[in-house]
Amino acid sequence: MLRWLAVGTVFAAVGGEEALRRSLGGGAEPVAAVQGPVPAPAADGTPAGHLHGAPSPRSSPGTSGPGPGATSAGIPEGAVTPGTPAAAPAPAPTPDQGGRRWSDPAGWGGRVPGPRSAVRITDRVLLDTDATVGSLLVEPSGALTFAADRSLTLAAAGNVEVRGTLALAPDGAAVHTVRFPAVDERRFRGDGMKVVDTDVGLWVTGAGYLRLDGAAKTAWVRADRALAAGDTTVSLAAPPTGWLPGDELAVTPTGPPNEDGFSTRYDLAVVRSVSGSTVTLEAPLQYPHPRVSAGGGVTVGAEVLNLTRSVRVEGTAGGRAHVHLTSSRRADLRHAALRWVGPRADTEESWKGPDGSAPVTAPVLGRYGLHFHMLGDTTRGTVVEGVVVRDAGSHAFVPHASHGITFRGCVSHDTWEDAYWWDGPLDTRTPQQPSDDIVYDSCVASRTRLEPNPRAYRLAGFNLGAGTGGKAVDCVAVGVQGADGASGFEWPENSEGVWTFQRCLAHNNLRNGIFVWLNARQHHVVTEFAAYHNGGWGIEHGAYLNDFDYTASVLYGNGAGGVALHALGRDTGTLFDGLLIDAAGQSDFGVSTARHELAGVTVTFSRSRITGHRRAGIAFRATPDGKPDDVLVLDCEFGGNELWIDPESAPPANLLLRRAGQAEVLQVRKADGGGAAQPRWNATGVPVPTFAAQSRPVQVPALRLRDAAAVTGRVGGRS
């Protein structure tokens with residue numbers, strides 16, 4: 001009889017021969033379950049023998065009770081409920097290179113786990129060799145650490161669940177990978193707190209600790225010159241940290257919106273060598289990437305995104321996995337690449353895709369790239385640095401009802417659905433559940449899309465949802481696709497959050513730079529924003545009534561124009577102050593009003609320069625079925641015709657104009673409204689001698705956008 005040796009870990013055959021063949025795609029003979037004395041129960045009291053030939057009761061399909069790490073109320077074990085001060089987070093432990101070795105048969109009762117093994121770890125194990133298993137459960141008393149000095153891959157046909165510790169922290173040029181090579185997206189069910197056997201991915205539950213701690217890299221740097229098709233070298237604005245031969249790069253599009261493919265002209269390149277700020281590529285660039293001089297201090301080249309990391313969690317192109325965290329222990333996530341994550345499910349609809357008829361797909365609920373799920377204050381102090389989510393079928397970064405998380409130098413590239421997001425309200429009458437104190441620092445949303453594209457209504461790179469204390473600083477949204485209302489940055493309907501929004505850039509998005517559709521009760525400030533070469537508006541501002549301040553911003557060469565104004569003010573009114581709006585010949589108007597659903601407080605454009613338009617700086621086009629325009633234009637200067645009133649619009653409630661450097665104030669009326677005719681305006685002007693506000697000079701912006709991602713490091717400051 002086989003005797004158990006140093007039993008701290010149990011493995012067994014799982015699922016039966018036919019299920020195994022389906023999941024692994026092979027027809028090899030199954031390995032018999034280990035026989036012998038039943039091992040002692042795990043630290044949590046779960047009988048070890050439950051793994052022998054049967055799925056665990058904790059995650060069987062159809063189980064209605066809470067899963068591991070959850071109470072009957074659906075709150076993770078040990079979690080701090082929202083509004084309760086969180087306990088001080090435990091310091092990050094040093095990755096334990098001790099314990100018994102995975103490759104040693106003695107630690108497994110004489111036989112190392114294989115592709116059909118359901119492995120359960122209750123002690124300390126060092127992964128010192130590539131391994132393939134059926135599934136993996138790290139119990140609360142267990143730890144699995146990858147050997148730091150070698151490149152290693154752990155492949156799992158089923159779930160990897162971490163209730164103890166899983167640590168990937170390679171040294172030098174080593175690469176650590178968790179791979180899910182046999183995911184069947186058709187079997188996904190979607191759910192909340194509990195682990196689901198069919199929904200294959202990496203789960204961190206209970207009080208589990210996940211450490212993904214790759215070599216530090218500069219996430220992105222801008223080119224410091226124009227790049228031409230055929231170039232094999234890229235000169236960067238700063239020397240990148242950690243870039244190596246073989247790294248994959250994405251070079252973002254920068255061309256104007258009147259060029260075909262302006263939002264999709266990416267170059268994917270491979271690094272041959274790096275010398276200081278110069279990167280030599282394996283092959284020449286396919287597209288030009290011009291350097292853009294937008295004025296107001298904004299002269300920028302293409303962002304060059306590094307998509308390669310030395311820690312990797314991935315499914316396959318045909319089977320996407322996910323990472324789901326409900327642990328009460330703070331994770332450490334630095335410089336990891338999550339690829340082929342975010343599964344999708346077919347719906348009953350179809351559309352004509354590039355390769356013929358294809359099903360319309362939908363995201364699987366809760367199965368996203370990196371998903372912090374309803375952890376409240378437990379996540380406070382969590383820092384996610386230098387993490388890449390790429391080639392994903394669903395949302396990339398999701399801090400859902402989880403507070404105090406900082407995302408620094410993160411990159412989403414070629415993902416479906418809103419890239420930076422958390423669950424929205426169920427309907428337009430229900431407020432969104434907030435996530436407080438979320439920080440996006442020099443993060444990038446690149447090539448965010450959905451197919452078919454006409455269904456991508458209000459698709460966004462960054463969905464700035466409900467909560468307090470949010471910050472989006474030095475972030476970039478580029479290549480966002482989508483239909484009406486799609487944008488780089490969105491303030492979504494019924495999801496009011498109060499955000500510090502500063503020095504962000506939106507460019508080469510198919511539609512808008514910013515899209516606001518919010519009936520706001522709070523006062524919002526957007527400052528030092530830049531939007532260039534978007535196919536729609538630099539800023540499309542709605543919904544009905546709200547109070548926003550847009551200050552010191554540059555809107556350049558956007559296809560529809562600089563600003564579309566739907567909403568009027570709520571209490572103090574919306575202010576556009578100190579803007580440079582340069583249509584660069586791309587649009588008829590720099591600013592255009594639209595339908596105003598409700599009468600509100602005056603909107604003011606002040607101290608701004610509006611130029612480069614084909615017909616007029618500001619067009620007043622409020623529709624007759626809505627409320628009339630109520631706009632002040634004070635101390636602005638124009639490079640060309642100043643105003644135009646659409647003859648189809650309603651007579652304005654209030655339009656005042658004071659040119660920069662002049663004292664005279666004109667009440668602007670429709671052409672038949674009396675006063676001095678202004679033919680180019682299609683209007684008349686009547687002096688208003690009683691206007692009391694003092695004239696002020698134009699305030700041209702002087703932006704200083706960051707040319708590289710924030711400096712990031714490894715856990716504990718390791719280099």
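1. Two strands count as paired when DSSP finds at least two bridges between them. By that rule, strand E4 (residues 124-127) pairs with strand E7 (residues 143-146): 4 bridges join them, and the two run parallel. Within this pairing, Arg124 has Ala143 of E7 as its bridge partner. The model under discussion is a predicted one.

2. E4 also pairs with strand E2 (residues 100-101), through 2 bridges and again in parallel. Here Arg101 stands opposite Leu126 of E4.

3. As to the chain as a whole, its secondary structure comes to 1 helix and 60 strands. Of the contacts with a separation of 6 or more, 73% are between residues 24 or more positions apart. The chain has 719 residues, and buried residues make up 58% of them. Its accessible surface comes to about 25900 Å², with 51% of that belonging to carbon and sulfur atoms.

4. Side chains of opposite charge can pair when their charged atoms come close. In this model the count comes to 46 salt bridges. The points below take up some of them, together with the accessibility of the residues involved.

5. Arg120 is buried, because its relative accessible area is 1% and the cut-off for buried is under 20%. Glu139 also counts as buried, at 1% relative accessibility.

6. A second salt bridge is formed by the side chains of Asp635 and Arg658, at 2.8 Å from N to O. Asp635 lies in strand E55 (residues 630-639) and Arg658 in strand E57 (residues 654-659), so the link is between parts 23 residues apart in sequence. Asp635 is buried, with a relative accessible area of 1%. Arg658, at 2%, counts as buried too.

7. The salt bridge itself is with Arg570, and the closest N and O atoms are 3.9 Å apart. Arg570 is partly exposed, at 29% relative accessible area.

8. Glu248, Arg339, Arg390 and Asp391 are linked in a network of them.

9. Ser327 deserves a separate entry. This residue is found in the loop between strand E23 (323-325) and strand E24 (332-334). Ser327 counts as buried, because its relative accessibility is 3%. A polar atom of the Ser327 side chain lies 2.9 Å from the backbone nitrogen of Arg329.

10. Which residues is Ser327 in contact with, leaving aside its neighbours within four places in sequence? They are Val204, Thr205, Gly206, Ala207, Gly208, Leu375 and Thr378.

Definitions and conventions: Residues numbered from 1 in each chain as written. Predicted model: local features only at pLDDT ≥ 70, side-chain atom pairs only at ≥ 80, totals over all residues. Heavy atoms only, no water. Salt bridge = Lys/Arg side-chain N within 4 Å of Asp/Glu carboxyl O. Buried < 20%, exposed > 50% of the residue type's maximum accessible area, 1.4 Å probe, protein only. Polar contact = N/O pair within 3.5 Å; in protein donor to acceptor, adjacent residues only side chain to side chain. Contact = heavy atoms within 4.5 Å. Areas by Shrake-Rupley, 256 points an atom, 1.4 Å probe, with all protein chains shown as cover.
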